[in-house]
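Dear colleague,

I am handing over the structure we talked about, and below it you will find some notes on what turned up. Please read them with the structure open beside you.

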Amino acid sequence: MADQTNREYDEYIDELLEQKQLQFILKRGMDILASGLGIILLLIPMGIAALLIKLDSEGPVLFKQTRVGRNGVDFDILKFRTMVPDAEKLGRQITVGEDPRITKVGRVLRKYKLDEFPQLINVFKGDMSLVGPRPEVPKYVALYDGRQKNVLRIRPGITDLASIEYRDESEVLSSHVDPERIYIQEIMPHKLELNLKYLEQLSVLTDIKLILRTFRVILG
């Protein structure tokens, strides 16, 4: 019965995405234009951030991590490094509260989401979109059920509804004894439901609204 329900939902998403082909074309055009312009305008701020990272701690300026993209294809997401080198070998793949692996400069970059700037390169290349489901690491994607895997039908994004709603995720997780269990059993499923909701509402206008909401949250 569950398999039949999943198949019906998959067919519904197939039809829905087919109807949104024009929106996908417009969305990609906006991604290329905005990310290209953003890279140019942010060259100096990103250069300053890179310098501060190098002065603050040893290690590379950029952090690369394998994430799962559209159609389940892996890609390397780019971020400014906000943790000590080899941080993933020293703890979880999620960040919880006042994680000791985070550097001084990294805390500032994370607070204002400045560490996400290099992802404009991912957007320009076509790995990501400005707006779309935040890409997960393979470890967590392996836990998706058939219905949830539909979020992989589109390009992942720098921001989405789930990112806005869970902007304080790290602090929320820090209040639990087993934060990874809470993430897997409670937070991740809700994020995926929000992402599936986005599939139904996907449009350039929706993207613009979510980008503006993201700026309001960061600045607020």
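Tyr9 is buried, with a relative accessible area of 13%, where buried means under 20% relative accessible area, exposed means over 50% and partly exposed lies in between (1.4 Å probe, protein chains only). Tyr12, by contrast, is partly exposed at 37%. Please keep in mind that this is a predicted model, in which local features need pLDDT of at least 70 and side-chain atom pairs count only at pLDDT 80 or more, while totals for chains, interfaces and linings use all residues. Residues are numbered from 1 along each chain as its sequence is written, and side-chain values use heavy atoms, with hydrogens and water left out.

A search of the whole structure finds 2 aromatic pairs, and Tyr9 with Tyr12 is one of them, tilted, with 5.9 Å from centre to centre and 45 degrees between the planes. Rings of Phe, Tyr and Trp (its six-membered ring) pair if their centres lie within 6.5 Å, and planes under 30 degrees apart count as stacked, over 60 as edge-to-face and the rest as tilted. Because Tyr9 and Tyr12 are 3 residues apart in helix H1 (residues 2–19), about one helical turn separates them. Helices are DSSP runs of H or I with at least four residues, numbered from the N terminus.

Tyr140 and Tyr183 have ring centres 5.3 Å apart and planes at 55 degrees, so this pair is tilted. Tyr140 lies in helix H6 (residues 138–141) and Tyr183 in helix H9 (residues 179–201), so the pair ties together parts that are 43 residues apart in sequence. Both Tyr140 and Tyr183 are buried.

Key. Helices (H or I, at least four residues) and strands (E, at least two) are DSSP runs, numbered from the N terminus.
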